[in-house]
Amino acid sequence: MTLNPFVKAGIGLSFALLWSCPTLADITAEKNFGLDVKITGQSEDDRDLGTRSGGDVQGLGLDLRPWVYGERDNWSAFAMGQAVAATDTIETDTLRQSDDGSTVDTAADGRKADKSYLAMREFWVGYSGFTAYPGEQLRLGRQRLRNDDGMWRDSNIEALNWTFDTTLLRANLGMAQRFSEYRTDLTELAPEDKDRTHFYGDVATQWTPGHWVGLRAHHTHDSGSLKNTGESLDGLDKRRTGDLTWLGVEANSDAYNWRNQHTVNYWGSLTWLTGDREKLNSELVGNEQIATGKQSGDVNAWATDLGIRLRLDPQWQVGAAYARGSGGGGSKGSNNYEQTGLESNRSSFTGTRSRVHRFGEAFRGELGNLQAATLFASWQLRDDYDASVIYHKFWRVNGQQNIGSSGINAVVDDEGVNRPLVNGEKDLGQEMDVVVTKYFKQGLLPASLSQSIDEPSALVRLRAGVFKPGDAYGKEADSYMHRAFVDVIWRF
């Protein structure tokens with residue numbers, strides 16, 4: 001098996017971070033290491049809604065993640081690898097968004113996922129000596145960046161990140177850019193990640209016990225180039241560039257902390273997106289996709305996410321949520337909101353430890369020209385079980401424009417024109433999700449690893465969603481599609 005240069009560099013840097021630093025070379029009792037074993041079964045039918053061939057997945061996969069962590073004085077380091085073997089191309093990683101098929105497919109584009117692969121998930125070195133607070137750290141390397149709602153950042157990426165986390169104040173500041181996937185199968189970056197640098201910062205304060213308010217900012221500078229008119233395109237060519245800035249305000253009752261005992265929990269955020277975008281238009285000529293020109297313009301868009309959850313008793317909770325990402329702005333789509341590109345949209349918004357996709361385990365929408373209404377109920381029995389039942393309803397904000405990426409890959413015949421959605425129809429559909437987890441034991445991990453490893457326990461989890469498409473997917477679409485996973489995780 002041939003490793004690309006970035007994978008080789010990641011593996012080498014991982015060991016270098018842990019062993020070459022003088023302050024870490026003599027680690028003995030403080031050294032921690034382990035192995036995460038994850039077995040995933042996936043059943044999916046049909047992501048294409050019956051409008052094209054493929055779209056079905058039936059398989060079983062084994063995902064091994066060895067990790068090592070070292071700490072001495074103010075220094076720490078961490079590395080996690082990954083080895084996956086499966087019977088089909090299944091998803092063992094909840095951080096990776098499913099491809100909606102919106103890019104041009106080519107057989108040799110370096111973006112074809114294999115059933116089995118090797119990868120480096122993280123490798124970083126940290127320093128905590130700038131302040132006396134235990135929740136402060138500067139990290140350099142490929143690391144997990146995450147905020148509580150998962151709608152701005154939740155991704156493994158190369159970054160310089162400073163975190164300050166205390167009882168009354170939380171803050172993050174950093175910059176990030178993806179240079180490689182560090183996988184043996186994905187030898188090329190996704191086009192949207194090429195030459196794209198992220199700058200971000202957020203601060204939140206606990207103004208009264210259990211209630212937080214905060215500000216967030218994120219800027220992306222995309223310096224890539226686009227093909228000229230008349231040139232052919234493949235799946236590795238960029239389709240857009242620009243500079244975008246997100247500015248947001250948020251408030252919550254520590255709602256994403258599943259241990260809190262508030263009778264009423266709430267969260268709310270409002271985000272403004274500004275900047276400029278340049279997009280490449282194309283059309284299919286024969287068997288080739290040909291660039292037909294560029295479209296540029298300013299961006300002025302917004303989004304909101306609101307939710308409330310009521311605790312009926314120590315075990316049961318019910319709640320409702322609403323999210324909207326603006327759309328419109330004529331042919332240039334200047335009012336179309338988009339997310340930062342580092343999001344997973346997964347969080348524990350139902351009040352349990354299990355992190356659930358905010359826009360459906362099957363639909364997996366991105367908050368762009370989309371509005372979603374959500375109802376849910378959850379149950380939790382001590383630290384042993386939890387379960388959530390969630391209902392979603394989805395619409396387009398502007399019926400003339402497409403939504404952001406999603407887990408659906410349908411192409412419908414709209415008056416003789418093939419397009420992802422029927423022009424003018426806003427109803428995207430509805431979905432019912434079920435997430436059930438059984439926890440077997442409590443694990444003991446270093447506090448510094450809380451960002452890298454979601455679950456402190458061995459578990460068995462079912463994640464399932466059934467999506468019923470609406471009128472926007474046309475009459476040719478299937479009546480239903482489903483996506484279901486059974487995960488078994490054990491940590492040694």
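Modeller: Happy to! Keep in mind that this is a predicted model. Let's begin with Tyr 473: setting aside residues within four places in sequence, Tyr 473 is in contact with Leu 49, Ser 406, Pro 420 and Val 422, among others. Phe 363, Ile 408, Leu 428 and Phe 467 are also among its contacts.

Colleague: What makes a group of residues a nonpolar core, and how many residues does the largest one have?

Modeller: Its members must be buried nonpolar residues, joined through side-chain atoms within 4.5 Å. The largest core has 28 residues, and Tyr 473 and Phe 394 are among those with the most contacts inside it. Strands E11, E13 and E17 each supply at least two of its residues, and E13 gives the largest share, three residues. A second, separate core has nine residues, including Trp 267 and Phe 376.

Colleague: Why is Glu 361 called buried?

Modeller: Buried means under 20% relative accessible area. Glu 361 has 1%, so it counts as buried. This residue is in the loop between strands E16 and E17, and it touches Arg 346, Asp 433 and Arg 483, among others.

Colleague: And how do you know whether Leu 168 is buried or exposed?

Modeller: The cut-off for exposed is over 50%. Leu 168 has 52% relative accessibility, so it is exposed. You will find Leu 168 in the loop between strands E6 and E7.

Colleague: Which surface patch includes Leu 168?

Modeller: A nonpolar one, whose members also include Trp 272 and Trp 302, with about 790 Å² of accessible area together. Strands E11 and E12 each supply at least two of the patch residues.

Technical notes:
Residues numbered from 1 in each chain as written. Predicted model: local features only at pLDDT ≥ 70, side-chain atom pairs only at ≥ 80, totals over all residues. Heavy atoms only, no water. Patch = residues over 30% accessible without salt bridge, like charges linked within 9 Å, V, L, I, M, F, W, Y side chains within 5 Å. Areas by Shrake-Rupley, 256 points an atom, 1.4 Å probe, with all protein chains shown as cover. Salt bridge = Lys/Arg side-chain N within 4 Å of Asp/Glu carboxyl O. Helix = DSSP H or I, 4+ residues; strand = E, 2+ residues; numbered from the N terminus. Buried < 20%, exposed > 50% of the residue type's maximum accessible area, 1.4 Å probe, protein only. Contact = heavy atoms within 4.5 Å.
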